Amino acid sequence: MKIRRSCISSAAGPERIMAICCIFAVLLSSVSCQAPARKNKTKIKIGVLVYDEGDTFLKGAINEMIKSAKEKSRGKADVTITVGDASGDQNTQNDQMEDMIANGCNVLAINLVDRTDPTYIINLARKNDVPVVFFNRELVRHDLDRWNRLYYVGAPAVRSGMMQGEEIADYVKKHPEIDRNGDGSIQYVLIKGELNHQDTIIRSEKSVSTAASYGLNLDRLAEESANWSRAQAQNRMSQLINEYGDKIELVICNNDDMALGVIDDYKKRGKKTKELPAVFGVDGTAEALKCVENGELKGTVYNDAISQADKIMEFSIALAEKKDVSQVTGSNERSFYIDYQKVTRDNASSFAAKLGDQE
Ligand code: GAL
């Protein structure tokens, strides 16, 4: 199998030119992995559509999908993957889906821009009989039930919130000095992801309620959304530090990139690791794992992109080959969840090694 840059040829008329220019731009940044043509190999074209290719967690997931497809296609199917980046616009994603179907994709793996608005995508999939494996941005059950060739692969948000809350409770118990003013409560700020994302809603609630259930007294000073972005989190944190200064004892972040943005701002102010409040994230990205190892980040929760990507490819290939997917999953459920894992300074290096092994 070789990896090459992909280029779609199309005989479409002038009325499609705008869309084709658009898809061509997408394909400039896309990767195809294709096995050398061999007789009797099933040809599988998988279109992968993501809300924003700049998102660190998703960038990792895409790389893992390409690796997994290569692995699975060895000696069996002939798999091509084309990636489309919607840059945060649902209409762009809808157009990309149309173009991918027109260009012969027989299955799509879709990370919706707006998880509450999948109607266009579902109707198009049904009309063209192209199955979809949604991932990471979870659509509501009612939408998944609209067709029996729709699947979802993700992680159980509630578990990430619980694990983060347990890490916080455990850390504060072992490090009472986190309570700088010694008032018996931990003053914290919450840095949230996109506001209507299931992970934002559930992690925010569960993390705090779990820490409280272990007897921790928590006082919320403020909460801000930074849309999963490191730069936005740094900006929000800068304002929060200006307002609350050393009163901030704990910073709970819905993902690692935002936790890194928080740390960036403290470092910019010349703060040393031991002067930072306790910062926690979610995802277990390579950079965050290094920060857990060096103590800047007190904990994260591993969001297993490797296993999720593998499942997405397993489902996609089975669907493209018109196999009974329940045979692959061992269940009639069309939603599949890969559990999270706690990461602290004690075990961060084993996760880093896992990510390293995959490179
Ligand atoms: C979350 C992940 C975030 C971000 C988001 C995008 O699961 O923790 O870092 O990637 O998905 O939908």
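The ligand lies between two domains, because domain 1 (2-154 + 304-323) and domain 2 (158-302 + 345-355) both give residues to the shell around the ligand. The model is a predicted one.

**Shell around the ligand**

- The residues around the ligand include Y51, D55, F57, N136, R137 and H197.
- Also around the ligand are D199, R203, W228, N255, D283 and N303.
- By residue type, the shell divides into 3 nonpolar, 4 polar and 5 charged residues.

- D199 has a polar side-chain atom 2.7 Å from an oxygen atom of the ligand.
- For N255, the distance from a polar side-chain atom to an oxygen atom of the ligand is 2.9 Å.
- R137 places a polar side-chain atom 3.0 Å from an oxygen atom of the ligand.

**Cavities**

- The model has 3 cavities of 30 Å³ or more.
- The largest cavity holds about 120 Å³ of space.
- This largest cavity is lined by 13 residues, and D55, F57, N136, H197 and W228 are the closest to its centre.

Note on methods
Residues are numbered from 1 along each chain as its sequence is written. This is a predicted model: local features need pLDDT of at least 70, side-chain atom pairs count only at pLDDT 80 or more; totals for chains, interfaces and linings use all residues. Side-chain values use heavy atoms; hydrogens and water are left out. A residue is near a molecule or strand if one of its heavy atoms lies within 4 Å of it. A polar contact is a pair of N or O atoms within 3.5 Å; within protein, one must be able to donate a hydrogen and the other to accept it, and residues adjacent in sequence count only if both atoms are side-chain atoms. Ala, Val, Leu, Ile, Met, Phe, Trp, Tyr, Cys and Pro count as nonpolar, Asp, Glu, Lys and Arg as charged, and the others, Gly among them, as polar. Domain bounds come from an automatic or database domain assignment. On a 1 Å grid over the protein atoms alone, a cavity is a set of points where a 1.4 Å probe fits but cannot get out, and a pocket is an open set with protein on both sides within 12 Å along at least five of seven lines; lining residues have an atom within 4 Å of a point. Grid points are joined across faces, edges and corners, and a volume is the space filled by probe spheres set on the points.
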